[in-house]
Structures are given as structure tokens and as C-alpha cells.
Amino acid sequence: MKRKQLILTAEVLDDSLQLSIDELSQRCAVQHYVIIEMVQCGVVEPQGYTPHEWRFSGHDLVRIRQAIRLQRDLEINLPGVALAIDLLEQLDELRTKIRSERER
């Protein structure tokens, strides 16, 4: 019997990571306009004033990938995606605080 192999890959994101819109577009496999729309809807807030100047952090990369999945899987519009991601992050922060309080 032939067994299928599952290969997992991981990416380590450094806090100092700074991506241009081109690099972010490639890593997320989306067109520039998708990222621009996400910035306009508040999914991410890059450093810089114009798309050419924008720099995105590793956290922004994670948020955009999450936004893409939410749009694809749940068909949520971008303002809803931005809200959902903010709420999920707040929930994670609260869970972390609760865990640290329990450990004391």
C-alpha cells in the first residue's frame, strides 16, 4: 500500500521584517489592488504614504493571509474581515492574559 506524504512548511517572521507591496503581493499570491483595498478598509496599516513607499511588517503579512482565507472561505467583505481579525486578536490577547493570571 502506497502512503501519501504530507509536507509542511513554516516561515519564521522576525519583528524587524519590512516588506514592500511587491514582496507582500508575491508572498500572499495576490495582486497589488487587493492589498491596496485591504489598506483602505483597515485590515493593515503600513508605514509610508503611498503604495510605492508602503512597508509592511510580519504582523501585516499574517493579517493579510488571514484576511484572504476569511474572504475565500466565509465570503466576508473587507470591512467585515477587518472587524473579524481585530476581534480575533483581542480574543487571543484576553486568553493570554487569563492564562498568565492562572499561572500566578
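# Briefing: Helix Packing and Salt Bridges

Cys28 has its place in helix 1, which covers residues 21-28. The structure described here is a predicted model. A search of the whole structure finds 4 salt bridges, and one network of salt bridges links Arg63, Asp86 and Glu89.

**Cys28 and its surroundings**

- Cys28 has a relative accessibility of 9% and therefore counts as buried, because buried means under 20% relative accessible area.
- Which residues does Cys28 touch, not counting those up to four places away in sequence? Under that condition, Cys28 touches Leu61, Ile64, Arg65 and Ile68.
- Cys28 and Ile64 are 36 residues apart along the chain, while a distance of 7.5 Å separates their C-alpha atoms.

**Helix 1 against helix 3**

- The axes of helix 1 and helix 3 come within 10 Å and cross at roughly 45 degrees.
- The two helices, helix 1 and helix 3, are therefore oblique to each other.
- On the side of helix 1, the contact is made by Leu24, Arg27 and Cys28; on the side of helix 3, the contact is made by Leu61, Ile64, Arg65 and Ile68.
- The crossing in which helix 1 passes helix 3 is right-handed.

**Helix 3 against helix 4**

- Helix 4 comprises residues 78-103, and its axis and that of helix 3 come within 10 Å, crossing at roughly 125 degrees.
- That angle makes helix 3 oblique to helix 4.
- Helix 3 contributes His59, Arg63, Gln66, Ala67, Leu70 and Gln71 to the contact.
- Helix 4 contributes Leu78, Val81, Ala82, Ala84, Ile85, Asp86, Leu88 and Glu89 to the contact.
- The crossing of helix 3 and helix 4 is right-handed.

- Arg63 is found in helix 3.
- Is Arg63 buried or exposed? Its relative accessible area is 6%, so Arg63 is buried.
- Leaving aside neighbours within four places in sequence, Arg63 is in contact with Gly42, Val43, Val44, Ala82, Ile85, Asp86 and Glu89.
- Side chains of opposite charge can pair when their charged atoms come close.
- The side chains of Arg63 and Glu89 meet in a salt bridge, with a distance of 2.8 Å from N to O.
- This pair links distant parts of the chain, for Glu89 is in helix 4 and Arg63 is in helix 3, 26 residues apart.
- Glu89 has a relative accessible area of 21% and is therefore partly exposed.
- A network of salt bridges includes Asp86 together with Arg63 and Glu89.

**Asp60, a buried charge without a salt bridge**

- Asp60 lies in helix 3, which covers residues 58-74.
- Asp60 is buried yet has no salt bridge.
- How far away is the nearest side chain of opposite charge to Asp60? That side chain belongs to Arg63 and is 5.6 Å away.
- The distance explains why Asp60 and Arg63 are not paired, because a salt bridge requires a side-chain nitrogen of Lys or Arg within 4 Å of a carboxyl oxygen of Asp or Glu.
- Apart from neighbours within four places in sequence, Asp60 is in contact with Val44, Glu45, Pro46 and Arg55.

**Further salt bridges**

- The side chains of Arg72 and Asp73 meet in a salt bridge, with 2.9 Å from N to O.
- Arg72 has a relative accessibility of 54% and so counts as exposed.
- Another salt bridge joins Glu101 and Arg104, whose closest N and O atoms are 3.8 Å apart.
- Glu101 counts as partly exposed at 48% relative accessibility, whereas Arg104 counts as exposed at 76%.

**Ile36 in helix 2**

- Ile36 lies in helix 2, which covers residues 32-40.
- With a relative accessible area of 25%, Ile36 is partly exposed.
- Ile36 and Pro51 are 15 residues apart in sequence, and their C-alpha atoms are 7.3 Å apart in space.
- Not counting residues up to four places away in sequence, Ile36 touches Ile21, Pro51 and Trp54.

How values were computed. Residues are numbered from 1 along each chain as its sequence is written. This is a predicted model: local features need pLDDT of at least 70, side-chain atom pairs count only at pLDDT 80 or more; totals for chains, interfaces and linings use all residues. Side-chain values use heavy atoms; hydrogens and water are left out. Helices (H or I, at least four residues) and strands (E, at least two) are DSSP runs, numbered from the N terminus. Buried means under 20% relative accessible area, exposed over 50%, partly exposed in between (1.4 Å probe, protein chains only). Contact means heavy atoms within 4.5 Å. Lys and Arg count as positive and Asp and Glu as negative; His and the chain ends are not counted. Axes are lines fitted to C-alpha atoms, for helices over the stretch in contact, and angles run from 0 to 180 degrees between N-to-C directions. Angles under 35 degrees count as roughly parallel, over 145 as roughly antiparallel, 65 to 115 as roughly perpendicular and the rest as oblique. A crossing is left-handed if the near helix is turned anticlockwise from the far one by less than a right angle, and right-handed if clockwise.
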